[in-house]
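Here's a quick briefing to read with the structure open next to you.

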Amino acid sequence: MKLYTFFRSSAAFRVRIALNLKGITYESVPKAFARNEHRAGDYLAINPQGLIPALDDEGAVLSQSLAIIEYLNEKYPAPPFLPATPLDRAHVRSMALGIACEIHPLNNLRVLNYLRRELQQNDDGVNHWYRHWVSEGFAGLEQQARRYSAGGRFCFADSLSLADICLVPQMFNARRFNTDLGAFPTLTAISTHLESLPAFADARPEVQPDAV
Ligand SMILES: N[C@@H](CCC(=O)N[C@@H](CS)C(=O)NCC(=O)O)C(=O)O
């Protein structure tokens, strides 16, 4: 498998965690945001959405991290990323989508660039925006984690899920933008535990081949 990635992309970080958890070896194909390589014609021919990541599985190219992760989960069932019952799966997906659909898109590079360039916001304005939306999203997620985590090691019950795969990259980004995480002790404890697991540690931005 080939993963089109960028070390700092949190959506790619999710897929790197998923690949590691499933024990799948893959080739990294970095696309540097600074050089706009994700917007170049050769990459748009691969992923017309012009977003990182994309996964090439023997010539079949998939985009959107959650679609990729669910594909991997169906193709390689162990360890499972979703619980056994429809109700529990809905809870896990709710937490994962709370990050992937409610926090991440508002804080994506092109949104921050738009604030900076078109709306003339300086670093303070952009950082304020970033922290606002991550804090707003984490507030609800913290309550969900308190309700559903059993033991504070994972977001849902006491086993790993799609929600955990989404949480850690978002936590990394929140820290990168110096977000105050004091109001989110449950999320912080879960993330600290997850970050100690090799599959998560090996997917960190700073240990990727294209890290600068
Ligand atoms: N919902 C998409 C989001 C993909 C996405 O936005 N990727 C970011 C990096 S984390 C990207 O390519 N950003 C480029 C840009 O904003 O120009 C997914 O989960 O794959």
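The ligand sits in the largest pocket. Keep in mind that this is a predicted model. Two helices, α1 (10–22) and α5 (109–117), are the elements that each give two or more residues to the shell around the ligand. Of these, α1 gives the most, with 3 residues.

**Around the ligand**

- The ligand has 16 residues around it, and the closest are Ile52, Gln64, Ser65, Asn108 and Arg110.
- Sorted by type, the shell comes out as 6 nonpolar, 7 polar and 3 charged residues.
- Asn108 puts a polar side-chain atom 2.4 Å from an oxygen atom of the ligand.
- Gln64 also uses its side chain: an N or O atom there is 2.7 Å from a nitrogen atom of the ligand.
- With Arg110 it's the backbone, where an N or O atom lies 2.9 Å from an oxygen atom of the ligand.
- On its own the ligand would expose 510 Å², and the protein buries 91% of that.

**Cis peptide bonds**

- As background, most peptide bonds are trans.
- Ile52 and Pro53 are joined by a cis peptide bond, with omega about 15 degrees. Pro53 is in the loop between α2 (41–46) and β3 (54–57), and Ile52 is also listed among the closest residues to the ligand.
- A cis bond also links Ala78 and Pro79, this time with omega about -10 degrees. You'll find Pro79 in the loop between α3 (65–75) and α4.

**Positive phi values**

- Most residues other than glycine have a negative phi.
- Asn36 has a positive phi, near 55 degrees. This residue lies in the loop between β2 (27–30) and α2, and Asn36 counts as partly exposed because its relative accessible area is 44%, between the 20% and 50% cut-offs.
- Asn178 has a positive phi of about 55 degrees too. Its loop runs between α7 (162–176) and α8 (185–195). At 58% relative accessible area, Asn178 is over the 50% cut-off, so it is classed as exposed.

**Buried spots in the helices**

- The side chain of Glu142 makes a polar contact of 2.6 Å with the side chain of Thr186.
- Ala96 belongs to helix α4 (residues 86–103) and is buried, with a relative accessible area of 0%.
- Ala96 and Arg146 are 50 residues apart along the chain, and their C-alpha atoms are separated by 15 Å.

Key:
Residues are numbered from 1 along each chain as its sequence is written. This is a predicted model: local features need pLDDT of at least 70, side-chain atom pairs count only at pLDDT 80 or more; totals for chains, interfaces and linings use all residues. Side-chain values use heavy atoms; hydrogens and water are left out. A residue is near a molecule or strand if one of its heavy atoms lies within 4 Å of it. A polar contact is a pair of N or O atoms within 3.5 Å; within protein, one must be able to donate a hydrogen and the other to accept it, and residues adjacent in sequence count only if both atoms are side-chain atoms. Accessible areas come from the Shrake-Rupley method with a 1.4 Å probe; for residues, only the protein chains shown count as cover. On a 1 Å grid over the protein atoms alone, a cavity is a set of points where a 1.4 Å probe fits but cannot get out, and a pocket is an open set with protein on both sides within 12 Å along at least five of seven lines; lining residues have an atom within 4 Å of a point. A molecule sits in a cavity or pocket if more than half of its atoms lie within 2 Å of its grid points. Helices (H or I, at least four residues) and strands (E, at least two) are DSSP runs, numbered from the N terminus. Ala, Val, Leu, Ile, Met, Phe, Trp, Tyr, Cys and Pro count as nonpolar, Asp, Glu, Lys and Arg as charged, and the others, Gly among them, as polar. Buried means under 20% relative accessible area, exposed over 50%, partly exposed in between (1.4 Å probe, protein chains only).
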